[in-house]
Amino acid sequence: MEFHLNDIQKEFKQTARKFFKEKCGLEELRAFENNPHHYSEKLYNELVELGFVGLVVPEQYGGFGGDLLDLAIVMEEAGWALFQGPFLSTIVSGVMPVLSHGTEQQKADLLSAFASGELKASYAIAEPQAHHKLEHLTLEAVPAGDHYVLNGTKLFVPFAQSVEKLFVVARTDQGAIGSVEGLTVFLVDTATKGIEVKAIPTISADGLCEVQFNHVEVSAAHIIGNAGEGYCVANDMQALATALKSIEMTGVLSRAVDITADYVKERHQFNVPIGSFQSVQHRMSDMLTIVEGGRLAAFHAFSRLIEGKDANTEVAIAKAWLSQEGQKVVTGAHQLHGGMGIDYDYPLQFCFRRFKGQQLEFGSSEVHLRNLGEWLAVKPEQPTKVSSM
């Protein structure tokens, strides 16, 4: 794995940093949160114009033909700027599933629409009784001629009120509950009759929703991959999304460190900057070490996905580390700031609240550590079922 960006990637990173920094000031961040949809449609369209949304879409479908590492660079800078919007969800639940598992007709119909901003997407996976285990999903999809009828509830669907497509993991074989068999992935139009969306208020104001499917008819042409074989599609999507979310988390935590570093240089006590105190320096060093360790783990996991290798273990390690140890970063930042840190006119509280949402999205540290324990306990002659990107 190459741990350093080349000159072109460094320039691209600087461009992304400059853009997000200009567009995501404190005033803009407050405006995004006060918006009923919790993001700016105008800013999303600017991401489209810059080519960020179509970054990994091949040129033949109207994209820029970039690679996944370019996308990771953008995600880290978006995290640093505390950006929120259906950018990540459109990439991982719209662009990449269609690109990796879609038919030629689906690629022709959808990829250019995602790249142009005409369509946005989000993922509808978690359910009341199954947040992180695909095998326990129960939302039913019953075949009826050339279409399926969906019934059930999905939770914690980001920006469901704003997107045009939902990546829905449903069960077409109700007799296989508890198994990874019998799952099917649909890319459903949110305007379809029978879909009801209800906002879920959260501390991070990240646009999460509950989506109910009441006799929703979906054409078989909207299946991504093969009917009954959706586990690989969903597993690939979750692995990529978790890796990118981990990279985004490093951006948020880096911002908390940067804000705190500036503060301890300016805040004086006993006529000297508090940053000159050894205890403060030790705390700052610990915070930076956590962030850099998390960044290495996240990019290592992501590099394995880029290479088409099994990355379940690496993704779990990165997400578990950042979710658990990252708490020490935001806590340390607030302790060094004192009461100043929670002021709504100060950026640190945005870091804290964004991080709290990211801690839970795609699984908390407890979830990933439990998964790691289960995988490590599996005997060599009974390998875990995985798929490559």
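Reader: In which sense do strand 4 and strand 5 pair, and over how many bridges?
Author: The model is predicted. In it, Arg171 has Leu183 of strand 5 as its bridge partner. Strand 4 and strand 5 pair in the antiparallel sense, and the number of bridges is seven.

Reader: Which residue in strand 8 is the bridge partner of Val185?
Author: Strand 8 covers residues 223-224 and pairs with strand 5 in the antiparallel sense over two bridges. The partner of Val185 in strand 8 is Ile224.

Reader: How many residues of strand 5 are buried?
Author: Strand 5 runs over residues 183-189 and is mostly covered. Of its seven residues, the number buried is six.

Reader: How many helices and strands are there in the protein, and what share of its residues count as buried?
Author: The protein has eleven helices and ten strands. Of its 389 residues, the share that count as buried is 54%.

Reader: What is the radius of gyration of the protein, next to that of a compact globule with 389 residues?
Author: The C-alpha trace spans about 80 × 50 × 40 Å along its principal axes. A compact globule with 389 residues would have a radius of gyration near 21 Å. The protein agrees with this, because its own value is 21 Å.

Reader: Among contacts with a separation of 6 or more, what share comes from residues 24 or more positions apart?
Author: The count here takes contacts in the protein with a separation of 6 or more. Residues 24 or more positions apart account for a share of 74%.

Reader: How many aromatic pairs does a search of the whole structure find, and of what kind is the pair of Tyr39 and Phe159?
Author: The search finds nine aromatic pairs. For Tyr39 and Phe159 the ring centres are 5.6 Å apart and the planes stand at 80°. An angle over 60 degrees puts a pair in one class, so the pair of Tyr39 and Phe159 is edge-to-face.

Reader: How many residues apart are Tyr39 and Phe159, and where do they lie?
Author: Tyr39 is in the loop between helix 2 (26-34) and helix 3 (41-50). Phe159 is in the loop between strand 3 (147-158) and strand 4 (165-171). The pair links distant parts of the chain, with a separation in residues of 120.

Reader: Are Tyr39 and Phe159 buried or exposed?
Author: The cut-off for this class is under 20% relative accessible area. Tyr39 has 4% and Phe159 has 7%. Tyr39 and Phe159 therefore count as buried.

Reader: Of what kind is the aromatic pair of Tyr123 and Phe362?
Author: The centres of the two rings are 5.0 Å apart, with 50° between the planes.

Reader: Which parts does the pair of Tyr123 and Phe362 tie together, and how many residues apart are they in sequence?
Author: Tyr123 is buried at 7% relative accessible area, and Phe362 is buried at 14%. Tyr123 lies in strand 1 (residues 121-124), Phe362 in the loop between helix 10 (348-360) and helix 11 (365-377). The pair therefore ties together parts whose separation in residues is 239.

Reader: Which residues form one aromatic cluster with Phe12?
Author: The cluster is made up of phenylalanines, Phe12 being one of them.

Reader: Is Phe270 buried or exposed?
Author: Phe270 has a positive phi of about 60° although it is not a glycine. It lies in the loop between strand 9 (268-269) and strand 10 (272-273). Its relative accessibility is 68%, so Phe270 counts as exposed.

Reader: What is the relative accessible area of Phe156?
Author: Phe156 is in strand 3. Its phi is near 55°, a positive value in a residue other than glycine. Phe156 is partly exposed, and its relative accessible area is 36%.

Methods:
Residues are numbered from 1 along each chain as its sequence is written. This is a predicted model: local features need pLDDT of at least 70, side-chain atom pairs count only at pLDDT 80 or more; totals for chains, interfaces and linings use all residues. Side-chain values use heavy atoms; hydrogens and water are left out. Rings of Phe, Tyr and Trp (its six-membered ring) pair if their centres lie within 6.5 Å; planes under 30 degrees apart count as stacked, over 60 as edge-to-face and the rest as tilted. Helices (H or I, at least four residues) and strands (E, at least two) are DSSP runs, numbered from the N terminus. Buried means under 20% relative accessible area, exposed over 50%, partly exposed in between (1.4 Å probe, protein chains only). Two strands pair if DSSP finds at least two bridges between them. The radius of gyration is taken over C-alpha atoms; the globule rule is 2.2 Å times the number of residues to the power 0.38. Contact means heavy atoms within 4.5 Å.
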